[in-house]
Amino acid sequence: MSKWIGVELEGTLAEYNDRFPNQIGEPVNAMLLRVKGWLNEGKTVKVLSHRAKAGSSNYEVNRWLREQGLSMLEVVPMEKDMQSFWGARAVRVELNDGKLCNGCRNAPENHFRHQGHGYTAEDYYLTDC
């Protein structure tokens, strides 16, 4: 299994508006530049969105990605009823801003390497907030 970076579409890569939740908003420039940087470094990036489950929404997401120069990205589903996701490798960003959240902004980024259970996980960063 190859390693990849997941970026949420709604509120992270694209602006989210509660009044128009079915529309994909304008790109969040800080995240757009970060994703393009990762791609230039040869990293694999996937877009996380509940829209990946709905066939007609896939067209809209793919069209939006194409307009941003990100047509090569795979869109993978998130459970639409999920309120939040937690994990040791999660980095929280401010909604519609793309910057590290206030609690993380001043926290150091750390290279983390874990060996165990027959595998080595490395090259991801954690924040200490």
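**Overview of the protein chain.** Helices (DSSP runs of H or I, at least four residues) and strands (runs of E, at least two) are numbered from the N terminus. The model is predicted, so local features need pLDDT of at least 70 and side-chain atom pairs count only at pLDDT 80 or more, while totals for chains, interfaces and linings use all residues. Residue numbers start from 1 along each chain as its sequence is written, and side-chain values use heavy atoms, with hydrogens and water left out. The protein chain holds two helices and five strands, which follow one another from the N terminus as β-α-β-α-β-β-β. Of its 129 residues, 32% are buried (under 20% relative accessible area; exposed is over 50%, partly exposed in between; 1.4 Å probe, protein chains only). Carbon and sulfur atoms account for 47% of an accessible surface of about 9000 Å² (Shrake-Rupley method, 1.4 Å probe). Contacts (heavy atoms within 4.5 Å) are also counted by separation in sequence: among those between residues at least 6 apart, 58% join residues at least 24 apart.

**The open sheet is built from β1, β2 and β3.** The three strands lie in the order β1-β2-β3, with parallel pairing (a pair needs at least two DSSP bridges). The edges are taken by β1 (5–8) and β3 (74–77), each of which has a single partner strand, so one side of each is left without a neighbour in the sheet. From one strand to the next, the twist averages 40° (axes are lines fitted to C-alpha atoms, for helices over the stretch in contact; angles run from 0 to 180 degrees between N-to-C directions).

Four bridges link β1 with β2 (residues 45–49) in the parallel sense. On the β2 side, V45 is the bridge partner of I5 and K46 is the bridge partner of G6. β2 and β3 also run parallel, joined by four bridges. In that pairing, E74 of β3 stands opposite K46.

**α1 crosses the sheet between β1 and β2.** Helix α1 (residues 29–40) lies across β1 and β2 and runs at about 160° to β1. The path from β1 through α1 to β2 makes a right-handed β-α-β crossover (with the strands pointing away from the viewer, the path from the first strand over the helix to the second runs clockwise).

**β2 is covered on both faces.** Five of the five residues in β2 are buried. V45, V47 and S49 are on one side, K46 and L48 on the other. In a regular strand, side chains alternate between the two faces of the sheet.

**The largest nonpolar core has 19 residues, and V35 is one of them.** A nonpolar core is a set of buried Ala, Val, Leu, Ile, Met, Phe, Trp, Tyr and Cys residues joined through side-chain atoms within 4.5 Å. L13, V35 and L65 touch the most other members of this core. At least two residues come from each of α1, β2 and α2 (55–67). The helix α1 gives the most, with four residues. Residues up to four places away in sequence set aside, V35 touches V7, L13, V45, L70 and L73.

**T12 sits in the loop between β1 and α1.** T12 counts as buried, at 10% relative accessibility. Beyond its neighbours within four places in sequence, T12 is in contact with V7, V28, M31 and V93. One of these, V7, is also touched by V35.

**Q68 and G69 are found in the loop between α2 and β3.** Q68 has a relative accessible area of 13% and is buried. Its contacts, leaving aside neighbours within four places in sequence, are P27, L32 and K36. G69 is partly exposed, with a relative accessible area of 44%. Between the C-alpha atoms of G69 and L32, which are 37 residues apart along the chain, the separation is 9.5 Å.
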